[in-house]
Amino acid sequence: MGSVGERLSRARVQAFVGRDEELGRFAAALAGDPQAPFAFYVYGPGGIGKSTLLRRLADHARAAGRLLVELDGRFVSRDPADFERAAGPFLDVPGTVLFVDSFEHCQWLESWLWHHFLPRAADDTLVVLGGRRAPQPQWAADPAWSRLLDVSELGPFSSEQARSLLVAAEIRPELRDRVLRFAGGNPLALSLAAAAGSAGCGREEIWAPTADVLRTLLAGLIGEVPTAAHRRALEVAAQAHSTSEELLAAVLPGEDAHPLFAWLRELPFMESTLRGLHPHDAARETLAADLRWRAPNAFESMRQRLADEYLRILREAPEERVWTVTDDLFYLFREGERLARLRSWSREDEVHDRPLHPEDIDVVLRMAAETEGPASAELVRYWAQAQPEAFSVYRLVSTGRIVAFTARLVLPSPPDPRDVATDPVVAAAWEYTRATAPVSPGEHIGVSRFSVYPEQYQVPSRVIDLSSSRAQAEAARARGRAYGFAVFRDAETWAERVRGTLQDTGARPRVGEYTYGLFGVDWRRLPVEAWLMHFISATEMPAAPAGPSPLSRAAFDQAVREALAHWRDAVAFAACALLRTRLAADLGEPVGELRALLRGAVDELAGDPRGVRARDALAAGYLSGAPTQEAAARRLGLPYGTYRRHLRQGLDLLCEALWERELHDPR
C-alpha cells in the first residue's frame with residue numbers, strides 16, 4: 001500500500017495534466033544541468049493551478065532525494081528574520097529546495113529576497129515561488145538574474161489538456177463538452193467539476209467560467225449538508241482566515257468538533273496549512289457570498305462569534321500569538337473601508353518593527369531632532385532610558401534601513417513627579433485624568449507618545465497602522481489600564497481622522513517650537529472589545545455609561561475571567577474591571593468581599609449536576625495554586641482536552657450566574 005504520503009503522491013501524478021514545460025525545466029535543474037535556472041517563479045490568477053503545480057514539483061524534488069522547505073506566504077510574518085529562520089536549511093544544507101506558495105501575501109519580501117537572502121543560498125539549492133503577481137521587472141531584466149531566474153505565467157489548460165482531466169475523472173462522455181464550454185480551461189473549475197463527478201454537471205445552461213460556475217460546482221461538491229452542525233462548520237470556514245479543530249470547538253461549543261473538522265478537511269477546495277484549513281480563495285469568496293445571500297443573519301452571527309473568540313484569544317494567548325490573532329480578527333472585516341486602508345501593504349516600502357537596541361539610539365535621536373526639534377529629541381532620550389521596552393524601531397524589509405520609530409509608554413498611578421516635570425505631553429495626560437476621572441492606585445495609563453517617520457511624518461502610513469495595531473492589542477491584554485492616549489502634532493487634522501474612535505481632550509501641550517494634540521479613551525467606561533469592534537467594523541460607537549456597571553455582557557464575562565486570572569496577584573486583582581460593576585458597588589471592603597463572592601459562586605456550581613466537574617476545573621485552574629492549566633489538569637487526573645472542556649463549561653456557568661446577580665440582585 002505504501003505510506004499516506006506515497007499514496008497522495010501517486011494520486012497527484014494520476015490527476016495531474018499539462019504544465020510539461022515547467023516540469024521539464026525543473027527536472028533539468030534537479031538533475032544538475034549547469035544551464036538550468038536556480039529560481040523558478042510561477043504566477044497567475046486565482047484558480048489557475050499554481051499550488052497544484054508547486055505540489056507536483058515538490059513530489060519530484062522529494063523523489064530525487066532532496067530536502068524540502070515548504071512555506072506558505074499567507075502565514076509569513078513581516079520580519080525577514082522570521083522568514084530566514086523558517087527557511088534556515090536553504091542557507092545551510094546543500095541541495096535543499098525551497099518552496100514558497102501564495103507569495104502574493106508576502107510580496108513585500110521580494111527585494112530583500114533577491115538582494116540579501118537568495119545570494120546566500122547553499123550549494124546546489126533551488127527555489128520555487130508561486131503567486132498571483134508577476135515579479136518586479138528589474139529582476140528578469142537584470143543580466144545576472146536573467147540567466148538564473150525562470151518566470152512562467154500560468155494560463156488556462158488547452159482543450160486537449162482539459163478533456164484529458166475530465167476523462168481521468170470519469171465524467172460521462174455526453175457531459176464533457178458541456179463542462180468544457182463553461183469551464184473554459186480554468187483548472188479550478190475543471191478540478192471542481194471532476195471532483196463533483198457527473199452528478200454535478202447535469203445543468204443544461206452554457207456558462208462562462210465565472211463565480212456562477214464555482215457556485216454550481218461547490219453545490220455539487222458539498223451536496224446535501226449532513227446536519228445543521230455541518231452547515232455551521234461551513235460558515236466558520238467561509239469566514240475564518242484559517243480553521244482549526246480548536247477554533248471549531250470554541251465557536252460551536254455544543255458540537256463535537258472532531259468529525260466536523262474531518263468533514264471540512266475532505267472537501268476538495270480545502271487546503272491544509274500549519275494553522276488549519278484554508279479554502280481556496282476563489283472557492284471561499286463564492287461560498288461566503290452564497291452564505292451571506294442565503295442566510296445573512298446566520299452569516300453575521302457567525303462572524304460575531306468568531307470575533308468574540310479572537311478577542312478572547314487576544315487577551316489570553318501567549319505573546320508570540322498575539323499578532324497572528326489580530327490579523328485573524330482584521331481578516332473577518334477585510335471588506336470595510338477602514339480596514340482596507342489599515343491592511344494595505346506597499347510592495348516597495350513595507351516595514352517591520354523590532355525592539356529598540358542600544359546601537360539604534362543615535363539614529364532614533366537624529367530622526368526626532370529632524371522632525372520635532374531638539375527639545376523632543378531630549379524627551380526621546382529620557383524615555384528611551386526610562387522605558388526602552390516601550391520603543392519599536394521600523395526597518396525597510398528590502399534593505400534593513402531604519403526609517404521610523406514609535407514609543408508606547410505605560411505609566412502607573414500615582415504618576416512619577418519626574419515624568420510630569422520632564423514631559424509636557426505626559427503632564428497634560430495626567431492632568432486630563434485628574435480633571436475627568438482620576439486613575440486609582442494599581443491602575444495605569446498608556447500613551448502612544450512618539451510616532452516619528454521622517455519620510456511620511458504623522459500622515460497615515462504603514463508605521464502608524466502597525467503601531468496602532470500593537471497599541472490595540474496591548475490595550476486588549478493590559479490589566480488595570482484606565483486610559484489610552486495618542487499624540488499627534490497636526491491636532492485639527494487628526495481630530496477629524498479619529499472622530500468617533502478617540503476623544504479630543506482639548507489639551508494642546510507645547511514641546512519646543514511645536515504644539516501637540518492629545519486624544520484618548522477611558523477604558524474603564526468603554527470596554528476594549530466594544531471599541532475595537534467599532535474600530536474595525538465601523539459600527540456605531542456605544543455610549544460610555546456613567547456610574548457602576550458600564551460593561552456589556554461580553555465585557556462582563558471578560559471581567560470575570562480577568563478576576564480569576566489574577567486571583568493570586570493582589571495588586572492586579574485590586575485593579576480588575578469586576579470591581580467597577582454593580583456586583584461590587586456597595587461592598588464595604590471591595591477586594592476581600594469580591595474574592596469571597598467569587599469563591600462562593602464557584603462552590604455553588606456543584607449544586608447543579610452539570611456543574612460538579614465544572615466547579616472542580618475552575619477551582620483547580622484558578623483557586624488552587626496550580627502554576628499552569630496543564631498542571632491543573634494533571635491534579636484532577638484528566639486529559640488536557642477534557643479538562644479544558646470542563647473549564648469552558650465552568651466559566652460559562654459562572655458568568656451566567658454572576659450576570660444574573662449583576663442585573664437583578666447583586667447581593
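## Helix α13

Let's start at a helix cap: Thr227 sits at the N-terminal end of α13, with a side-chain oxygen 3.2 Å from the backbone nitrogen of Ala229. Helices here are DSSP runs of H or I with at least four residues, and strands are runs of E with at least two, numbered from the N terminus. Helix α13 covers residues 228-239, and its end C-alpha atoms are 17 Å apart.

Most of α13 is covered, with 9 of its 12 residues buried (under 20% relative accessible area; exposed is over 50%, partly exposed in between; 1.4 Å probe, protein chains only). Among the buried residues are Ala229, His230 and Leu234.

## Around Asp72

Asp72 belongs to strand β2, residues 68-72. Asp72 has a relative accessible area of 18%, so it is buried. Its side chain makes a polar contact of 2.5 Å with that of Arg74. Leaving aside residues up to four places away in sequence, Asp72 touches Asp101, Ser102 and Thr273 (heavy atoms within 4.5 Å). A polar contact is a pair of N or O atoms within 3.5 Å; within protein, one must be able to donate a hydrogen and the other to accept it, and residues adjacent in sequence count only if both atoms are side-chain atoms.

## Confidence and conventions

This is a predicted model, where local features need pLDDT of at least 70, side-chain atom pairs count only at pLDDT 80 or more, and totals for chains, interfaces and linings use all residues. Residues are numbered from 1 along each chain as its sequence is written, and side-chain values use heavy atoms, without hydrogens and water.

The average pLDDT (the predictor's confidence in each residue, from 0 to 100) is 82, and 86% of the residues score at least 70.

Notes. The expected span of a helix is 1.5 Å times one less than its number of residues.
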